[in-house]
Amino acid sequence: MPAYDEVEVGTELPARTFPIVRADLVRYCGASGDLNVIHWNERIAKAVGLPDVIAHGMLTMAKAGTAVTDWAGDPGAVESYSVRFSRPVVVPDDDQGALLTVRGTVEDKRADGRVVVGLVATVDDVKVLMAAKAVVRLR
């Protein structure tokens, strides 16, 4: 966990890349109970106007949040986390899937030992999350 005194506004978290493949979608369907066919059936996803099957928004949010919890070194240090979904993550039917890239920057350093981390999450350089922020308590 980074020490509060070592972190400044503008400190960047290590950039992370998370592959999301169709097998991840199937596993997330089972774990979450969200069995919506747009997450696993290409024919139906395209019939409703999507370019292909898409990742669950909460799965995308969880992957992005991992960049913060790994940086913090303690998932319990993340006191709040919120995002808005701006674009779906389309997951091609191949071995590579979609590559979610997450970058984070400390945007605010509060006097109470907390920092606000802003996240940018992209796939193919297109933002898929907006207003992504986490409040982290540091030592």
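For the surface entry I take patches to be made of residues with over 30% relative accessible area and no salt bridge, where like charges are joined within 9 Å and nonpolar side chains (Val, Leu, Ile, Met, Phe, Trp, Tyr) within 5 Å. The accessible areas come from the Shrake-Rupley method with a 1.4 Å probe, and for residues only the protein chains shown count as cover. A salt bridge here is a side-chain nitrogen of Lys or Arg within 4 Å of a carboxyl oxygen of Asp or Glu.

I note that this is a predicted model, in which local features need pLDDT of at least 70 and side-chain atom pairs count only at pLDDT 80 or more, while totals for chains, interfaces and linings use all residues. Residues are numbered from 1 along each chain as its sequence is written, and side-chain values use heavy atoms, with hydrogens and water left out.

**Entry: surface patch**

I looked up the nonpolar surface and found a patch of about 330 Å² made by Val26, Leu35 and Trp40. Tryptophan 40 sits in the loop between α1 (22-32) and α2 (42-47), with helices (H or I, at least four residues) and strands (E, at least two) taken as DSSP runs numbered from the N terminus. I record tryptophan 40 as partly exposed because its relative accessibility is 44%; the cut-offs are under 20% relative accessible area for buried and over 50% for exposed, with partly exposed in between (1.4 Å probe, protein chains only).

I then turned to strand β4 (residues 114-123), which is mostly covered, as 8 of its 10 residues are buried. For pairing I follow the rule that two strands pair if DSSP finds at least two bridges between them.

Strand β3 (residues 98-109) runs antiparallel to β4 and is joined to it by 9 bridges; valine 102 stands opposite alanine 121 of β4, and glycine 104 stands opposite leucine 119 of β4. The hairpin of β3 and β4 has 4 residues between the strands, and in it I find glycine 113 with a positive phi near 90°.

β4 also pairs in the antiparallel sense with strand β6 (residues 129-137), over 6 bridges, and there arginine 114 has arginine 137 of β6 as its bridge partner. Strand β5 (residues 126-127) is joined to β4 by 2 bridges, again antiparallel, with valine 123 opposite valine 126 in β5. In the hairpin of β4 and β5, with 2 residues between the strands, aspartate 124 takes a positive phi near 55°.

I also checked β1 against β3, which pair in the antiparallel sense over 7 bridges, and proline 19 has leucine 99 in β3 as its bridge partner.

**Entry: nonpolar core**

I define a nonpolar core as a set of buried Ala, Val, Leu, Ile, Met, Phe, Trp, Tyr and Cys residues joined through side-chain atoms within 4.5 Å. The largest such core has 36 residues, and those with the most contacts inside it are Trp71, Val115, Val117 and Val136. At least two residues of this core come from each of β1 (12-20), α3 (57-72), β2 (78-85), β3, β4 and β6, and α3 gives the most, with 7 residues.

Leaving out residues up to four places away in sequence, I list among the residues that valine 136 touches Val68, Trp71, Ala77, Val115 and Val117, where contact means heavy atoms within 4.5 Å.

Threonine 60 lies in helix α3 and counts as buried because its relative accessibility is 3%. Beyond its neighbours within four places in sequence, threonine 60 is in contact with Ala55, Val89, Leu100, Val128 and Leu129.

**Entry: salt bridges**

The salt-bridge count comes to 11. Aspartate 52 pairs with arginine 22, with the closest N and O atoms 2.6 Å apart; this pair links distant parts of the chain, 30 residues apart, with aspartate 52 in the loop between α2 and α3 and arginine 22 in helix α1. I find aspartate 52 buried at 11% relative accessible area, and arginine 22 likewise buried at 17%.

Glutamate 79 forms a salt bridge with arginine 137, the closest N and O atoms being 3.0 Å apart. Glutamate 79 belongs to strand β2 and arginine 137 to strand β6, so this pair ties together parts 58 residues apart in sequence. Arginine 137 is partly exposed, at 34% relative accessible area. I close with the network in which salt bridges that share partners join Arg22, Glu42, Lys46, Asp52 and Asp93.
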